[in-house]
Amino acid sequence: MENLIFSLNATAPVFLMMLLGMLFRRLGWIDEAFASRMNRFVFLVPLPVLVFHDLASAEIGDVWNFRFVAFCFLVTAASIAICALLSCLLKEKTQRGEFIQASYRSSAALLGIALTTNIYGDAGLVPLMIIGSVPLYNVMAVVVLSLTAPDEKGSSGRPSDSAGPNPGSQSTVTAGNAVSGGNAASRKTELWKRTLKGIVTNPIILGILAGLLWSMLRLPLPPILEKTVTSLGDLAAPLGLMAMGATFRLDKAVGQAKPAIAASFIKLVGFCILFLPLAVRLGFREEELVAILIMLGSATTVSCYVMAKSMGHEGVLTTSAVMLTTLFSAFTITAWLFLLKSLGLV
C-alpha cells in the first residue's frame, strides 16, 4: 500500500498538470501559439539544464560500475531496435517515429531518483543508469524523428495544370523526370545533413555532454549556480506538461488509439517481461534492479512530446502514449516492485 501511495503521489500530479493545460486552453488562458512557444522554450532551456544538473551532480567516480552501465546501454539499444521493427507494422508511416520514441524513452531521471530515494534513502545507481541510457535515448530520438519527419509540402516539383499544352511536352517530361530524380537524391542528402546537424546541435545532447564533462572533472557547483540551474530545470516538467495538455486533442487521439495503446503496453509491460529476467539472471539486485526497472517500465517521458513537436511531428500519438503511461505506470510499477520484493530481489 505504501508503494501504491508513493507511485500515485509521483504520477498523479503529472497527469493533473496535463489536465490543467487542457483546462487553461478551454478557459482561453493558453492558446495554441503560446503553447508552441512554450514547447520550444522547454526544449531549448529547461530540459538541457535538467539533464546537465542530474549528471553534473552525480558522484560518478565513487560509484562507477561499468558492467551495470554497459547492461543499461545494450538493453536500451535492443529496446530501440525492437521498437523500430514493430513500427514497420504501422500503416501510417508518419506515426513510426513517434511510436518508436514513445515506446522506449522513460522518465528515468524524474521518477527513478524519486523512487530509489524513497526506498533506499538516496539516488543509488540511478545516475549510472542515466549515463547508460539517457544519452542513447536522446541521440536515437533525434535520429529517429529526423528520418521519419513528415515530408514538407509544396516541394514536390509537380508541374502546374494551368500551363496548357506544350509542343515540347515530351522533352519537358524527360527533363522533369531527371530533375525529380535529382531532387530525390538532393532531399536524401539534405535529410542526412539535417539529421547530423540535429544530433550535434541538439540542446539536450549538449546538456548531457556538459554534465558528463562537469562530473568527470569533479567541478563544484557553487550555491548560486546550483540554485539557478535547479530553478531552471524545475521548469521543464510543469511547463512541458501544461503545454502538452493545452495542445492535446481527444478526437485525434481516438484516431491513433491503437498505436498509442500498443506503445504504452510495450513501455510499461513488454520490456520488463523481456529484460528483467535477464537482469536477475546476470546477478543484478537491490538498487541495481530498481534502477533497471525504472529504465524499462516507467512512464514515457514528457520530453518525447517536446522533441516530436520541435522536429515537425504532429505529437498526438506521443501525447496519448505519455498520458496513458503516466496514468497506468503507478499501478504497473507498483506491481513490478511487489513481484520483485516477493521474490526477495529488492
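Leu 20, Leu 23, Leu 27 and Trp 29 together make a nonpolar surface patch of about 420 Å². Take one of them, Leu 23. It sits in helix 1, which covers residues 2-27. Is Leu 23 buried, partly exposed or exposed? Its relative accessibility is 43%, so Leu 23 counts as partly exposed. One thing to keep in mind throughout: this is a predicted model.

Now the overall picture. How many helices and strands does the protein chain have? There are 17 helices and zero strands. The chain has 346 residues, and 46% of them are buried. Its accessible surface comes to about 17,500 Å². Carbon and sulfur atoms hold 67% of that surface. Then look at the contacts with a sequence separation of 6 or more. Of these, 87% join residues 24 or more positions apart.

The largest nonpolar core has 69 residues. Which residues have the most contacts inside it? They are Phe 68, Met 129, Ile 292 and Leu 296. Helix 8, residues 126-147, gives the most to this core, with twelve residues. Let's stay with Ile 292 for a moment. Setting aside neighbours within four places in sequence, Ile 292 is in contact with Phe 68, Phe 71, Leu 276, Ala 279 and Phe 284. There is also a second, separate core, made of nine residues. Val 14, Leu 241, Val 302 and Tyr 305 are among them.

Next, a glycine. Gly 245 lies in helix 12, residues 236-247. Is Gly 245 buried or exposed? With a relative accessible area of 3%, it falls under the 20% cut-off, and therefore Gly 245 is buried. What does Gly 245 touch, beyond its neighbours within four places in sequence? The contacts are Met 18, Gly 21 and Met 22. Now find Met 323, which is 78 residues away from Gly 245 along the chain. The C-alpha atoms of these two are separated by 9.3 Å.

Let's turn to the backbone. Two residues other than glycine have a positive phi here: Arg 218, near 55°, and Glu 286, near 50°. Where is Arg 218 found? It is in the loop between helix 10 (203-216) and helix 11 (223-234). Arg 218 counts as exposed because its relative accessibility, 52%, is over 50%. Glu 286 is in a helix instead, namely helix 15, residues 286-297. At 37% relative accessibility, Glu 286 counts as partly exposed.

Val 45 lies in the loop between helix 2 (32-44) and helix 3 (46-56). Pro 46 is found in helix 3. How do they compare for exposure? Val 45 has 26% relative accessibility, so Val 45 counts as partly exposed. Pro 46 is at 0%, so Pro 46 counts as buried. Val 45 and Leu 235 are 190 residues apart in sequence, yet 9.2 Å apart in space, C-alpha to C-alpha. Pro 46 and Leu 239 are 193 residues apart in sequence, and their C-alpha atoms are 9.2 Å apart too. Which residues does Pro 46 touch, not counting those up to four places away in sequence? Phe 41, Leu 232, Gly 233, Leu 235 and Ala 236.

Last stop, a tryptophan. Trp 64 lies in the loop between helix 4 (60-63) and helix 5 (66-87). Its relative accessible area is 42%, so Trp 64 is partly exposed. Apart from neighbours within four places in sequence, Trp 64 is in contact with Val 69, Leu 128 and Ile 131. Trp 64 and Leu 125 are 61 residues apart in sequence and 8.8 Å apart in space, C-alpha to C-alpha.

Terms used
Residues are numbered from 1 along each chain as its sequence is written. This is a predicted model: local features need pLDDT of at least 70, side-chain atom pairs count only at pLDDT 80 or more; totals for chains, interfaces and linings use all residues. Side-chain values use heavy atoms; hydrogens and water are left out. Patches are made of residues with over 30% relative accessible area and no salt bridge: like charges are joined within 9 Å, nonpolar side chains (Val, Leu, Ile, Met, Phe, Trp, Tyr) within 5 Å. Accessible areas come from the Shrake-Rupley method with a 1.4 Å probe; for residues, only the protein chains shown count as cover. A salt bridge is a side-chain nitrogen of Lys or Arg within 4 Å of a carboxyl oxygen of Asp or Glu. Helices (H or I, at least four residues) and strands (E, at least two) are DSSP runs, numbered from the N terminus. Buried means under 20% relative accessible area, exposed over 50%, partly exposed in between (1.4 Å probe, protein chains only). Contact means heavy atoms within 4.5 Å. A nonpolar core is a set of buried Ala, Val, Leu, Ile, Met, Phe, Trp, Tyr and Cys residues joined through side-chain atoms within 4.5 Å.
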